[in-house]
Amino acid sequence: MTPVTRLALSAFVVSLIAVGQDFGEMKFEHLAQGYRFTEGPAWSKDGHLIFSDTPSDRLLKWNPGAPIEVYRTDAHGPAGNAFDPQGRLYTCETRTRRVTRTEKNGKIEVLADKWEGKRFNAPTGIAVSKNGSVYFTDPAFGEQADHRELDFYGVYHIPPKGAMTLVTKSAGRPRGIALSPNGRTLYVSNVDDHNVRAYDLDHNGEASNERVLIAKIAGAPGGIAIDEKGNLWVAAKGIGVYNPEGKRVHFIDMSDVISSCAFGEADLKTLFITARAIVFRARPEIK
């Protein structure tokens with residue numbers, strides 16, 4: 001029995017393929033199913049999960065012990081989500097081709113929608129640092145590629161103060177994005193190049209020293225989650241876990257296509273996984 005073929009089960013245990021660290025077994029539970037394509041799980045310090053059902057233009061919310069509820073309709077093709085230390089929600093809107101911030105009172109502010117006068121392709125992945133720097137990827141998939149105004153795919157930085165900057169431009173499409181626990185390294189996955197690149201960040205959040213950290217990833221790498229030890233959990237064909245030096249230490253073989261993942265709950269040790277029509281919750285046992 002593969003991990004996601006028997007949806008009648010509320011929970012199952014997967015044996016993990018460990019390479020360097022002892023990960024033991026992982027118990028999976030599916031929180032919800034029946035969506036069109038889920039993406040962008042993000043955990044709020046207020047104790048709930050937000051994720052996107054992109055084709056349905058909805059943001060959804062899960063509180064522990066409660067059923068999934070609709071957080072926002074008409075959400076403009078939401079993809080990646082992230083929270084800042086104040087608990088404000090940041091969302092990449094693929095249809096309006098912009099990045100927004102939702103204040104605690106529900107007010108929505110557009111943070112960015114153009115680069116040098118041209119509209120973005122389709123912002124997809126987003127991460128927010130402890131000091132408020134915002135980083136996002138701007139690829140284009142499917143019909144999005146037919147309406148591009150920019151002749152490259154980019155990664156951008158919106159500092160707490162000052163103008164937005166371009167971290168990098170590429171011919172391949174960047175998608176997932178994450179920050180190391182100390183905030184000094186930025187990680188970006190690329191679906192066409194099948195790799196994850198790393199960048200050093202200075203005290204202003206500006207990036208330098210671009211390098212390929214992980215190469216030849218099977219499948220199209222998407223979202224990246226970072227655990228407390230700095231390991232990168234990369235959604236692709238299954239979930240590969242890599243140490244901060246880029247060595248694979250663990251692999252979770254799953255039968256469905258994984259779009260993204262994020263850590264959450266009170267101790268930030270529960271892994272939430274979006275996989276097309278299903279959202280999973282898992283508890284890694286890292287020894």
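Entry 1, ground rules. I call a residue buried under 20% relative accessible area, exposed over 50% and partly exposed in between, using a 1.4 Å probe and protein chains only. This is a predicted model, so I note that local features need pLDDT of at least 70 and side-chain atom pairs count only at pLDDT 80 or more, while totals for chains, interfaces and linings use all residues. Residues are numbered from 1 along each chain as its sequence is written, and side-chain values use heavy atoms, with hydrogens and water left out.

I started with Asp 46, which counts as partly exposed at 45% relative accessibility. I found Asp 46 in the loop between β3 and β4. Strands here, like helices, are DSSP runs numbered from the N terminus (strands are E, at least two residues; helices are H or I, at least four). Which residue did I compare with Asp 46 across 219 residues of sequence? It was Glu 265, and the two C-alpha atoms are 9.6 Å apart in space.

I searched the whole structure and got nine aromatic pairs. Rings of Phe, Tyr and Trp (its six-membered ring) pair if their centres lie within 6.5 Å; planes under 30 degrees apart count as stacked, over 60 as edge-to-face and the rest as tilted. I looked at Tyr 35 and Phe 51: their ring centres are 5.6 Å apart and their planes stand at 75°, so I logged the pair as edge-to-face. Tyr 35 belongs to strand β3 (residues 25–44) and Phe 51 to strand β4 (residues 48–53), so this pair ties together parts 16 residues apart in sequence. Are these two buried or exposed? Tyr 35 is buried at 12% relative accessible area, and Phe 51 is buried at 0%. I also noted one aromatic cluster formed by Trp 115, Phe 120, Phe 136 and Tyr 156.

Arg 148 has its charged end over the ring of Tyr 153, 4.1 Å from the centre. Lys 169 does likewise with Phe 152, at 4.5 Å from the ring centre.

I followed the order β7-β8-β9-β10 through an open sheet with antiparallel pairing; two strands pair if DSSP finds at least two bridges between them. At the edges stand β7 (78–83) and β10 (108–112), each with a single partner strand, so one side of each has no neighbour in the sheet. How many bridges join β8 to β9? I have five, between residues 89–93 and residues 98–102, running antiparallel. In that pairing Leu 89 stands opposite Thr 102 in β9.

Strands β14 (residues 134–138) and β15 (residues 153–158) pair over five bridges, with Ile 158 in β15 as the bridge partner of Val 134. I then checked Ile 158 against Ala 112, 46 residues away along the chain: their C-alpha atoms are separated by 8.4 Å. Ala 112 sits in strand β10 and is buried, at 7% relative accessible area.

On a 1 Å grid over the protein atoms alone, a cavity is a set of points where a 1.4 Å probe fits but cannot get out; a pocket is an open set with protein on both sides within 12 Å along at least five of seven lines, and lining residues have an atom within 4 Å of a point. Grid points are joined across faces, edges and corners, and a volume is the space filled by probe spheres set on the points. The largest pocket holds about 1,300 Å³. It is lined by 49 residues, and Phe 83, Val 128, Leu 179, Ile 226 and Phe 263 lie nearest its centre. Which strand gives the most to this pocket's lining? I wrote down β3, with six residues.

My search found one cavity of 30 Å³ or more, and the largest cavity has about 60 Å³ of space. Its lining includes Val 155, Thr 168, Arg 197 and Glu 210. Strand β18 brings the largest share of that lining, three residues.

Terms used: A charge sits over a ring if NZ of Lys or CZ of Arg is within 6 Å of the ring centre and within 35 degrees of the ring normal.
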